[in-house]
Amino acid sequence: MSRLPANRISTLSSWAGGPQWLSIVLIAAVVIVLAFIPMPFNIGILFAPVATVILLLNPILLVLGLVISVPVQDVGPLPEDVPITVTRVFFGAALLLLPLILIRRQTPIRWSWILASLLGLMGAMLVSLLNAGDLGSSFEELYRWFVALVAIWLTLQFLETRRHIVIGLALIAILAIAQGGLGLGQAITGAGPSSFQIGAGFSRAFGTFGMPNSFAAYMEMVTLPLIPLSIWAGVRASAHVREYLRVRPSGFLASKELRSRAIFSAALFALFAIGMIIGLSAIAVSFSRGGWVGTIAGIAVIVILLGRRAILTTAVSALLLTFGLLIGASGAILTVIEERFVQLVDQVRIGDVRGMPVTDDNFAAIERMSHWQTAIAMWDQYPWLGVGVGNFDDRFTEFAVHPQFSESQGHAHNYYLHLLAETGLLGLAAYVVLAITVLVVGWRAYRHPDALARAIGIGVLGTTTALLVHNIFENLHVLNITVQMGFFWAIAILVTRLPSEESDTADESPSVHSPAMQYDSEGRNERSHDLRPSVSVREHN
């Protein structure tokens, strides 16, 4: 056995046992940090070096961290006046570590037309700054879109394998279960404030977002993709279980690989199905009219794209969900549901509200329509560039059409009018281009020969439809919800760049019911595992 040189042994021993002062300094530093820096900053400082190494070695965690941060960004012990959220922590870490990660990995830069169209939208917002009075509000809005842009690009850059895609999809299901379960608990226990109570000890669900409408918007983004994914996973699990049962008589060891594959497939199906059921239930008990309409529109698109063989499955699931809600609901709650839809129709069809008297019956309708008409008044005066991105609230009083509603409620209750008021025709046109680009990406995935790609494509088309419809009544691009949506858009791009399995020649329709493809026990495509440099990744979607 070779021996270390004497000088090397001396050096090692001096570092191992000699410098006791180093240990003392480190302990003292930890004590000072814990004693004089408030929670949770002290824990963050101590954990930062370890977190930096972990993120450098596993940059996919930056992407997943950003996605996880969306529903918990305002949850924690920080006081309200401290402008730090979980999303900002992960976003800041991404910007700081990104140069080091790129240098270390030396992978080509990946791109997509979604990023180009998103940059176009941000460019239109930047031009609108010519009319902006409150630049602080403008930069806050630009920051939210920039975070979404970075999140999409990070997803494209660091999700490289089919296993990564499956992990991302599983994360969406986990978020649906966690956030939806919280919302269901709030609704059943009546945990909301008095304004959220709807009778019979029942409350509108609001999750960690604090508002039912924002909660419903987020749940749409994480729930609707699970409908086609559940069908894909169910078909895949069924095929793997049948294959395992066929080989099982050959012996325990001979069927080990197939057994692992069947267990993994069944677990993935259970995760998607449970997430779908809890998510749809949570949207229902949010009593968000815009959420209901958006979800119905999204499900309609998904059912149409799934084809005849999926209509029965979807119909049975819908009947079971409706039955459960009817059993658990009282007559008072059913009355509230009817009233919510009646109010929605009234709010859309009401006419000019200028000078219209406000009563308890028409308060909500006039409040919404006054915001719509105020946004139109802003656009009428600034048709091309608007009043400046983020300046709707700042200029609202100046353009208010009803004296009783002279203060903005935060947005125009219609994102298209809101965008038109802030960025004019230029901004609205850029947003339309972004929406069309996303739908094209979803359609390309839907037409792809790979069954998983088709399921994801159907999910993108359905979820984006829900987003576009719900935006008629709300502004869904708040609270960084666009990060969640962009994550799924990026996955749709990535899955089409993976070399696909051969499609079933007996069934040329783009449904998700092709025979289950060959995956290993971790969900990876056995014939094409990744998007590493050997595969062209510069193809535009």
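## Overview of the chain

Of the 541 residues in the chain, 50% count as buried, where buried means under 20% relative accessible area, exposed over 50% and partly exposed in between, for a 1.4 Å probe and protein chains only. The chain contains 19 helices and 2 strands; helices (H or I, at least four residues) and strands (E, at least two) are DSSP runs numbered from the N terminus. Among contacts with a separation of 6 or more, 77% join residues 24 or more positions apart, a contact being heavy atoms within 4.5 Å.

This is a predicted model, in which local features need pLDDT of at least 70 and side-chain atom pairs count only at pLDDT 80 or more, while totals for chains, interfaces and linings use all residues. Residues are numbered from 1 along each chain as its sequence is written, and side-chain values use heavy atoms, with hydrogens and water left out.

## Confidence

The average pLDDT of the chain is 79, and 71% of the residues score at least 70; pLDDT is the predictor's confidence in each residue, from 0 to 100. Over residues 8–18 the pLDDT stays under 50, and the model has 5 contacts beyond four places in sequence for this stretch. The pLDDT is also below 50 over residues 502–529, a stretch with 80 contacts in the model beyond near neighbours in sequence.

## Helix α18

Helix α18 is mostly covered, as 20 of its 20 residues are buried. Its end C-alpha atoms are 29 Å apart, which agrees with the 28 Å that its 20 residues should span at 1.5 Å a residue; the expected span is 1.5 Å times one less than the number of residues. At the N-terminal end, Asp450 caps α18, with a side-chain oxygen 3.0 Å from the backbone nitrogen of Leu452.

Ile472 lies in the loop between α18 (451–470) and α19 (481–497). Because its relative accessibility is 33%, Ile472 counts as partly exposed. Leaving aside neighbours within four places in sequence, Ile472 is in contact with Trp372, His413, Asn414 and Tyr416. The C-alpha atoms of Ile472 and His418 are separated by 10.0 Å, although the two residues are 54 residues apart along the chain.

## The largest cavity

The largest cavity holds about 50 Å³ of space. Its lining consists of Tyr431, Leu434, Ala435, Val438, Thr464, Leu467, Leu468, His477 and Trp489. A cavity is a set of points on a 1 Å grid over the protein atoms alone where a 1.4 Å probe fits but cannot get out, and lining residues have an atom within 4 Å of a point. The largest share of this lining, 4 residues, comes from α17.

Methods
Polar contact = N/O pair within 3.5 Å; in protein donor to acceptor, adjacent residues only side chain to side chain. 1 Å grid on protein atoms, 1.4 Å probe; cavity = no way out; pocket = protein on both sides within 12 Å on 5 of 7 lines; lining within 4 Å. Points joined across faces, edges and corners; volume = space filled by probe spheres on them.
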